[in-house]
Amino acid sequence: MGRKKKGAPVHGWVVIDKPQGVTSTQVVGIVRRIFDAQKAGHAGTLDPMATGVLAIALGEATKTVPYAMDALKTYRFTVCFGESRDSDDAEGAVTGTSDRRPAMAEIEAAIPRMVGMVSQVPPVYSAIKVDGERAYDLARDGETVILEPRTVFIRSVRLLSPSDRDHAEFEMVCGKGTYVRAWARDLARDLGTLGYVSQLRRVAIGNFTVDRAIGLDTLKGFMHSPAAFEHLRPLSTALDGIPALAVTGQDAVRLKSGNPILVRPREFARIAESAHSDDDLQGLTVFLSTGEGEPVALASFAEGELRPFRVFNFATG
């Protein structure tokens, strides 16, 4: 007989407005204890200095984390010009200074050069692994860290305001793997000066938004309380944009056993609406649930079948 898992079978998403000074891992641990959940994970790290949306998955919702991580993210941040830091943010040591300060018109002219598919070298203080070690661990140990440039997608950047001669505030919408700190560093260099991120706030991950997030201290007040569950969102929240179908009880049993089901004409028409072409239709991911709304599986459409590749198990033991 298998060993019983520690904690309760809690499933869903909790969106935290992360405060400064705590790591994402620490927040996940706190939320897990509040709900006494068996399993927890998050959809994208925020540095201790950063605040804002930290989406935490509990239980079977952890199986949907990759979809949340692939969603566009929105950040608001402040760049301080005239100084560089080894971490590219306010927590790092000063590595250089410059007397040059860019004008607002110069900043606005530079932004279009730094949107779209952009090559950037991640900050040395990042979670990227180098020979099996985190880059930030190597950097803290005084080792020289060399990271390769990589291409990221930046959908848009807006200059919100130049706070003063030394600072400017921006809003960025970007894809997975983008480092705001690296973008700020590169913007300053493009403008002939130095710069780093002095403030950073994530305001959205897909449809997880900060205006619907709960503060960590507020949630702590609901430790092991039923009131905490008022802030637990459905597993499907992370699957916004993925076509969904309801299945019968018999089909749900087949899917949960890992077996494919045939797609009926009416269901095929609904799936086809989500595809731009027949090529897009093959391999399309579909979210399947019962008529009562209980998640069943994520399946791939192929050759007239829905083939489950991720099954949701809500067993209580």
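**Entry 1: ground rules**

I am reading a predicted model, where local features need pLDDT of at least 70 and side-chain atom pairs count only at pLDDT 80 or more, while totals for chains, interfaces and linings use all residues. Residues are numbered from 1 along each chain as its sequence is written, and side-chain values use heavy atoms, with hydrogens and water left out.

**Entry 2: the whole protein**

I began with the secondary structure and found nine helices and 19 strands. Helices (H or I, at least four residues) and strands (E, at least two) are DSSP runs, numbered from the N terminus. The C-alpha trace spans about 70 × 50 × 40 Å along its principal axes.

Next I looked up burial: 46% of the 317 residues are buried. Buried means under 20% relative accessible area, exposed means over 50%, and partly exposed lies in between (1.4 Å probe, protein chains only). The accessible surface comes to about 16000 Å², and 49% of that belongs to carbon and sulfur atoms. Those areas come from the Shrake-Rupley method with a 1.4 Å probe; for residues, only the protein chains shown count as cover.

I also checked contacts, meaning heavy atoms within 4.5 Å. Of the contacts with a separation of 6 or more, 69% link residues 24 or more positions apart.

Is β3 enclosed or open to the outside? Eight of the eight residues of β3 (residues 51-58) are buried, so this strand is largely enclosed by the rest of the structure.

I then listed its partners, where two strands pair if DSSP finds at least two bridges between them. β1 and β3 run antiparallel and are joined by seven bridges; K18 has G52 as its bridge partner in β3. Strand β2 (residues 40-42) also pairs with β3 in the antiparallel sense, over three bridges, and here G41 stands opposite A57. With strand β12 (residues 195-205) the direction is parallel, and two bridges join it to β3. T51 stands opposite R201 in β12.

A reminder to myself: strands of a sheet pair through backbone hydrogen bonds, either parallel or antiparallel.

**Entry 3: Q20, in a loop**

I moved on to Q20, which is found in the loop between β1 (12-18) and α1 (24-35). Why do I call Q20 exposed? Its relative accessible area is 52%, and the cut-off for exposed is over 50%.

Which residues does Q20 touch, leaving aside those up to four places away in sequence? They are P48, M49, A50 and T51. The side chain of Q20 reaches the backbone oxygen of M49 at 3.0 Å. I also noted L200: Q20 and L200 are 180 residues apart in sequence and 9.8 Å apart in space, C-alpha to C-alpha.

**Entry 4: T74, in a strand**

T74 is found in strand β4 (residues 73-81). T74 is buried, because its relative accessible area is 15%. Not counting residues up to four places away in sequence, T74 touches E171, M172, V173, R201, R202, V203 and A204.

**Entry 5: helix α5**

How many residues of α5 are buried? Nine of the 11 residues of helix α5 (residues 180-190) are, so the helix is largely enclosed by the rest of the structure. The buried ones are V180, R181, A182, W183, A184, R185, D186, L187 and A188. Their cover includes β4, α3 (104-110), β7 (116-120), β10 (150-164), β11 (167-174) and β12. Just after α5, G192 takes a positive phi of about 80°.

**Entry 6: a five-stranded sheet**

My last stop was an open sheet of five strands in the order β15-β17-β18-β19-β16, with mixed pairing. Its edge strands are β15 (244-247) and β16, each pairing on one side only.

Five bridges join strand β17 (residues 285-290) to β18 in an antiparallel pair, and F287 stands opposite L298 in β18. Strand β18 (residues 295-302) and β19 are antiparallel too, over six bridges. β18 and β19 form a hairpin with two residues between them, and E303 in the turn has a positive phi of about 50°.

Which residue of β19 is the bridge partner of F301? It is L306, and L306 is the bridge partner of I261 as well. Strand β16 (residues 261-262) is joined to strand β19 (residues 305-311) by two bridges, and the two run antiparallel.

Conventions: Polar contact = N/O pair within 3.5 Å; in protein donor to acceptor, adjacent residues only side chain to side chain.
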